Amino acid sequence: CKLAAMGDLVTLRPVTEDDLSWLEGLRDGPVATGLHGWHGWTDPKRRRRQWSESGLLGDDGGTLIVLHDTDRVGDVSWRKVKTGPTAFSWAIGIGLAPEFRGRGYGSEAQRLLARYLFAHTQVNRIEATTEITNVAEQRALEKAGFTREGILRGATFRQGRWHDQVIYSVLRDEVKLMDAPAEDGPVSGSTT
């Protein structure tokens, strides 16, 4: 399996069939997802169907596994958000296993994903949202180079009510891209 991006703390790589059960466990209830990630039960076979059709990589979005050394620590994903008649941006998300939260893996994974998407697509903007009470993810996004833009009132439904979200973004000219990496080879996580 070819690597997508490599940093000092984490590596991003495509999802393999062996990852699917682990990914299901990452979304298996409120303890696994954490307070801000639990939005109710969903079709447990949906991701397997998507993986068999596309490997969870496509023109409209994708999912990569986040590794620390050889340990799977989470996943990052992105999806297309239409911003005009001929323009779009990427919206990204992350899920980390409970035992790996708070170690800086999320910040680096999101930074690497942004660099990867800017290097391999023509998009100019990448955005991320998180609930207003998810201070840890807000700090992670800021450490990853994202700028807080504002509040999206009543934007997400969880635990029987609507919650406000904070929206962050990073633009292409705010991110230092890697110097001519091999087409499918590792991408350095260095920011120097």
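Which residue's side chain meets that of Arg125 in a salt bridge at 3.1 Å, N to O? Select Arg125 and Glu127 to see the pair: the partner is Glu127. Keep in mind throughout that this is a predicted model.

**Whole chain**

Start with the cartoon view. The chain has five helices and nine strands. Their order along the sequence is β-β-α-α-α-β-β-β-β-α-β-α-β-β. Now switch to a surface. Colour by burial next: of the 192 residues, 43% count as buried. Take the contacts between residues at least 6 apart in sequence; 58% of them join residues at least 24 apart.

**Stop 1**

Glu127 is buried, at 14% relative accessible area, because the cut-off for buried is under 20%. Glu149 is partly exposed, with 43% relative accessibility.

**Stop 2: Ser169**

Stay in this region and select Ser169. The residue sits in strand E9 (residues 161-171). Is Ser169 buried or exposed? Ser169 is buried, with a relative accessible area of 5%. Show the side chains of Ser169 and Arg125: they make a polar contact at 3.3 Å. Leaving out residues up to four places away in sequence, Ser169 touches Arg125, Ile126, Glu127, Phe146, Thr147 and Glu149. So the list of contacts includes Arg125 together with both Glu127 and Glu149. Draw one distance here, from the C-alpha of Ser169 to the C-alpha of Arg148. The value is 6.8 Å, for residues 21 apart along the chain.

**Stop 3**

Check accessibility on both ends. Arg48 is partly exposed at 26%. Glu24 is partly exposed at 28%.

**Stop 3: a salt-bridge network**

Select Arg13, Asp19 and Arg72 together. Salt bridges link these three residues in a network. The structure holds nine salt bridges.

**Stop 4: aromatic pairs**

How many aromatic pairs does the structure hold? Three. One of them is Phe100 with Tyr105, so select both rings. Their centres are 6.2 Å apart and their planes make an angle of 45°, a tilted pair. Phe100 is buried at 10% relative accessibility. Tyr105 is buried as well, with a relative accessible area of 5%.

Move to Phe157 and Trp162. The ring centres are 5.2 Å apart with the planes at 65°, so this pair is edge-to-face. The angle decides the label, because planes over 60 degrees apart count as edge-to-face. Phe157 is partly exposed, at 44%. Trp162 is exposed, at 53%.

**Stop 5: Lys80, Phe88 and Asp59**

Select Lys80 and Phe88. Lys80 lies over the face of Phe88, at 4.4 Å from the ring centre. Asp59 is in the loop between strand E3 (57-58) and strand E4 (61-68). Is Asp59 buried or exposed? Asp59 is exposed, at 70% relative accessibility. Show the contacts of Asp59. Setting aside residues up to four places away in sequence, Asp59 touches Lys80 and Trp90. Finish with one more distance: the C-alpha atoms of Asp59 and Lys80 are separated by 8.3 Å, with the two residues 21 apart along the chain.

Conventions
Residues are numbered from 1 along each chain as its sequence is written. This is a predicted model: local features need pLDDT of at least 70, side-chain atom pairs count only at pLDDT 80 or more; totals for chains, interfaces and linings use all residues. Side-chain values use heavy atoms; hydrogens and water are left out. Helices (H or I, at least four residues) and strands (E, at least two) are DSSP runs, numbered from the N terminus. Buried means under 20% relative accessible area, exposed over 50%, partly exposed in between (1.4 Å probe, protein chains only). Contact means heavy atoms within 4.5 Å. A salt bridge is a side-chain nitrogen of Lys or Arg within 4 Å of a carboxyl oxygen of Asp or Glu. Rings of Phe, Tyr and Trp (its six-membered ring) pair if their centres lie within 6.5 Å; planes under 30 degrees apart count as stacked, over 60 as edge-to-face and the rest as tilted. A charge sits over a ring if NZ of Lys or CZ of Arg is within 6 Å of the ring centre and within 35 degrees of the ring normal. A polar contact is a pair of N or O atoms within 3.5 Å; within protein, one must be able to donate a hydrogen and the other to accept it, and residues adjacent in sequence count only if both atoms are side-chain atoms.
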